[in-house]
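Biologist: I would like to go through this structure slowly, asking at each step what stands behind the words.

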Amino acid sequence: MNRLLMNSFLLAALLMLPGQANARSDSLYQDLGGTAGIEQLVEDLLFNVADDRRIRHHFMDIDIGRLHEKLSEQICELAGGPCVYTGDDMVKSHTGMGVTRADFNALVEALQVAMDDNGVSVSAQNRLLALLAPMHHEIVGL
Ligand code: HEM
């Protein structure tokens, strides 16, 4: 067997190790700073939202402590971390709110600023946004 072929087999075997698979699947969670990093990120996101005249009216009369907890769990789980999301589904949570596409984009902007402020790499930012973007179907226009 030539050396190149043998290296390919070794690489394939390594990639199949369960430890390797885990290491890859929770890498976004690690890049966001783990549970503590995500909780800080969500706190900063909610402060940015409260400062944003375009969307802050949506968040006036809600339990902000609960939103912080549920959103942190959700992002942690989505990022491959060890959390379990225990909140309501997205349709139920946003029905009757009349969230527009512009509102959605404003919240994404607030998240991007929070990620910049927390030193999250551009690659990790893009990976998180790619996980959140498809959710607009369950949030906008309800
Ligand atoms: C990717 C985008 C979004 C995600 C991942 C998200 C996620 C969540 C989560 C996890 C909850 C908590 C559910 C629960 O209490 O069980 C929630 C509630 C809420 N969301 Fe969103 N959301 C998004 C976009 C938006 C937008 C764009 C707005 C408005 C501008 C918004 C307004 C709210 C409000 C006001 C609540 C609190 C509802 C209540 O407690 O009565 N969300 N969202």
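Modeller: Of the 142 residues in the chain, 32% are buried, where buried means under 20% relative accessible area, exposed means over 50%, and partly exposed lies in between, with a 1.4 Å probe and protein chains only. This is a predicted model, in which local features need pLDDT of at least 70 and side-chain atom pairs count only at pLDDT 80 or more, while totals for chains, interfaces and linings use all residues. Residues are numbered from 1 along each chain as its sequence is written, and side-chain values use heavy atoms, with hydrogens and water left out.

Biologist: What makes the link between C76 and C83 a disulfide?

Modeller: The term requires a pair of cysteine sulfur atoms within 2.5 Å. The S to S distance from C76 to C83 is 1.8 Å, so the pair is joined by a disulfide. A search of the whole structure finds 1 disulfide, and the link of C76 and C83 is right-handed, with 70° about the S-S bond.

Biologist: Why is C76 called buried?

Modeller: Its relative accessibility is 1%, which falls under the limit for that word, and therefore C76 counts as buried.

Biologist: And why does C83 count as buried?

Modeller: C83 has 19% relative accessibility, and because the value still falls under the cut-off, C83 counts as buried too.

Biologist: How many helices and strands does the chain have?

Modeller: The chain has 8 helices and 0 strands, and these are DSSP runs, numbered from the N terminus, with helices (H or I) of at least four residues and strands (E) of at least two.
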